[in-house]
Amino acid sequence: KLQRIGLTGGIGSGKSTAASMFAEQGIPVLDLDQVGRDLLAPGSAAVQQIQDAFGITFVLADGPTDRKALAAHCFADAAKTARLNAIMHPLIWQAEEQWLDRQQGEMAIIEASVLLESGGAGRMDAVIVVMAEERLRLQRVLRRGLQDEHQFHVILKRQCDDQQRVEQADYLINNNGSLSALRDQVVSLYEKLQRNS
Ligand code: ATP
């Protein structure tokens, strides 16, 4: 039976980097954040439901959903966040199930930034949490260039903290060191997971 392995961590912890290292080992990886973004394609069921629920279209001039505007509208308010999640989560879980059904090997990795916040641990056979000091995470995020320091802190506040992640983790990866130190941990964890399967 396919082992479902969740891979998560806070902003800039290195979960996408770790996920790509698992993929190098031959494990199929699903990027659940990307699944969510793909669901917001123009004319999709999700976009229609969001429009009906909020009475506004979050559409850019050239058609795609303006995810920044959608996030700004919804994440400022707990009720709106819940309404958005109620639309998105079942669609994301359905896409996840369909993807898992197509996987053949002994394990598959589901990478998701808010896996634990959205109650996803229950769907997984094991949860890996990638951790790094906040100072390093900020440095790496700034160097990556997708978010500035203010955006880093906004996202950080929206996510649970490492203490809460550790409580739900089966395996921890420490990403305070170099990329090769990260890869070493990924390889030894992969070997351990293979022994358990
Ligand atoms: P987000 O939740 O924002 O998507 P993430 O947890 O997926 O972040 P990554 O994108 O994997 O984090 O890593 C953040 C940045 O830090 C990337 O540019 C990545 O290349 C870099 N990085 C990751 N691990 C290390 C490391 N050990 N040493 C140096 N840079 C690293």
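Biologist: Into which domains is the protein divided?
Modeller: This is a predicted model: local features need pLDDT of at least 70, side-chain atom pairs count only at pLDDT 80 or more, and totals for chains, interfaces and linings use all residues. Residues are numbered from 1 along each chain as its sequence is written. The domain bounds come from an automatic or database domain assignment. With those bounds, the protein is divided into domain 1 (1-28 + 106-197) and domain 2 (32-102).

Biologist: Which strand gives the most to the side of domain 1 that touches domain 2?
Modeller: Nine residues of domain 1 are in contact with seven residues of domain 2; two residues are in contact if their C-beta atoms, placed from the backbone, lie within 7 Å. On the domain 1 side, three residues come from residues 107-111, and that top contributor is strand β3.

Biologist: How do the residues of that side of domain 1 divide by class?
Modeller: Let's set the classes first: Ala, Val, Leu, Ile, Met, Phe, Trp, Tyr, Cys and Pro count as nonpolar, Asp, Glu, Lys and Arg as charged, and the others, Gly among them, as polar. Sorted this way, the side of domain 1 that touches domain 2 has four nonpolar, two polar and three charged residues.

Biologist: How many helices and strands does the protein have?
Modeller: Both are DSSP runs numbered from the N terminus, helices being H or I with at least four residues and strands E with at least two. Starting from the N terminus, the order is β-α-β-α-α-α-α-β-β-α-α-α-β-α. In total that is nine helices and five strands.

Biologist: What percentage of the 197 residues count as buried?
Modeller: We count other C-beta atoms, placed from the backbone, within 10 Å of a residue's own: 20 or more means buried, 12 or fewer exposed, and in between partly exposed. Across the 197 residues, the buried share is 26%.

Biologist: At which residues does UniProt place a "binding site"?
Modeller: UniProt positions follow the numbering used here, feature names are shortened, and annotations may be inferred rather than shown by experiment. The entry is unreviewed, and it lists Gly12, Ser13, Gly14, Lys15, Ser16 and Thr17.

Biologist: Is Gly12 buried or exposed?
Modeller: Gly12 lies in the loop between β1 (3-8) and α1 (15-24). Leaving aside neighbours within four places in sequence, Gly12 is in contact with Arg137, Leu138, Arg140 and Val141. Because Gly12 has 25 C-beta neighbours inside 10 Å, it counts as buried.

Biologist: Which residues come nearest to the ligand?
Modeller: A residue is near a molecule if its C-beta atom, placed from the backbone, lies within 6 Å of it. The shell has four nonpolar, 10 polar and three charged residues, and α1, α6 (134-144) and α9 (179-196) each supply at least two of its residues. Of the 17 residues around the ligand, the nearest are Gly14, Ser16, Thr17, Arg140 and Arg144.

Biologist: How many other C-beta atoms lie within 10 Å of Ser16?
Modeller: Ser16 is found in helix α1. The C-alpha atom of Ser16 is 10.0 Å from that of Val29, 13 residues away along the chain. Ser16 is partly exposed because its count of other C-beta atoms is 19.

Biologist: How far apart are the C-alpha atoms of Thr17 and Phe54?
Modeller: Thr17 lies in helix α1 and is partly exposed, with 16 other C-beta atoms within 10 Å. Thr17 and Phe54 are 37 residues apart along the chain, and their C-alpha atoms are separated by 35 Å.

Biologist: With which residues is Asp33 in contact, leaving aside its neighbours within four places in sequence?
Modeller: Asp33 lies in helix α2 (residues 32-39). With 15 other C-beta atoms within 10 Å, Asp33 is partly exposed. Beyond those sequence neighbours, Asp33 is in contact with Ala112 and Ser113.

Biologist: Is Gly177 buried or exposed?
Modeller: Gly177 is found in the loop between β5 (171-174) and α9. Because Gly177 has 12 other C-beta atoms within 10 Å, it is exposed.
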